[in-house]
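The structure is shown first.

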Amino acid sequence: GITIDVAYRYFATDKRAFIVADTPGHEQYTRNMATGASTADLAVLLVDARTGLLEQTRRHATIASLMGIKQFVLAVNKFDLVGYDRARFEQITHEFRELALSLGVRQITAIPMSALKGENVVYDGKASMPWYEGQTLVEVLELATVRSAQTVGFRLPVQRVSRPGESFRGYQGTVAGGSVKPGDSVVILPSGMVANVTKIITFDLVRNAAVAGDAITLVLDRQVDVSRGDMIVSIDSQPQVGLDFDAQIVALQSEGIQPGRRYWLKSGSRRQRVVANPYSQLDLQTGSWNQRTGVLPMNGIGKVHLSFDENAVFDAYEQNRTTGAFILIDP
């Protein structure tokens, strides 16, 4: 049947484990597609060899690229139904490469396959397609790289201030980017206060360093005013701080995003008031951005201007998925 929600499937090979998010292609389920792509490192776009690229392929590729996915696999399936025609494969691949380049994606692997017969999925299809020299789908997935959170400096969104006694004060959270070690100078945002790291503690030991993904308690060398929602960052690589930002968003609720309405914006552990004004919407059929004033409708992908009452802290989403992402909450 057709996929409506995102279906998650788990499997493993001898080399690594995988989670597949199977997402729907129909325009009215754009938000589900965006949900599945938001945590993925690689996109597999499935194309029927008989029909070639559809509008759905363009839509999926566009959303995957907006969600920061840089590795694309073009799986040209049902190849047994077109007589394993090499010219057909090269035509579809050429069309897709042009589409992907227009989206800024350069890492593309195209594979001709027959899922029915398992050719080039798990086993090689040399018997039917001696002209294909590349890898099988599973081999490509095993070699895929995981998106790194090390492209920016140290980031720690503070989730909790730990005060078990008078003599101890630590700041707890999960490292969202970069790395940190005792002696490093850090800045607390949005206040801008500077301090040095004296200790990094995890649940069972004192550490000499922490990297993205580690849940830590950070101890600083001086009394500074830090509370939940603040971000502790490296002094030499800081995120952007300001009252106004432009962002791309997907409208998930039936009323869409209303211009001038006040929303709560939640990013990391920080929640603050914001006014969102849409000014552009993506046409998923052509891939072009059209000027738009008024409501950004449900499933619409748009650019909005965000106006805050107090300073907000963001990285570019391209550089850090955690500190560059947010959700809007309609109160």
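Strands are DSSP runs of E with at least two residues, and helices are H or I runs of at least four. The model is predicted, with local features needing pLDDT of at least 70 and side-chain atom pairs pLDDT 80 or more, while totals for chains, interfaces and linings use all residues. Residues are numbered from 1 along each chain, and side-chain values use heavy atoms, without hydrogens and water.

A hairpin through four residues connects S1 to S2. S1 and strand S2 (residues 17-22) run antiparallel and are joined by six bridges; pairing requires at least two DSSP bridges. Arginine 9 has valine 20 in S2 as its bridge partner.

## Parallel sheet

Three strands form an open sheet in the order S3-S4-S5, with parallel pairing. Strand S3 (42-48) and strand S5 (107-112) each have a single partner strand, so one side of each lacks a neighbour in the sheet. S3 pairs with strand S4 (residues 71-77) over seven bridges, and leucine 46 stands opposite alanine 75 in S4.

Helix H2 (residues 55-66) packs on the sheet, touching S3 and S4 (contact is heavy atoms within 4.5 Å). The direction of H2 makes about 175° with that of S3, where angles run from 0 to 180 degrees between N-to-C directions of axes fitted to C-alpha atoms, for helices over the stretch in contact.
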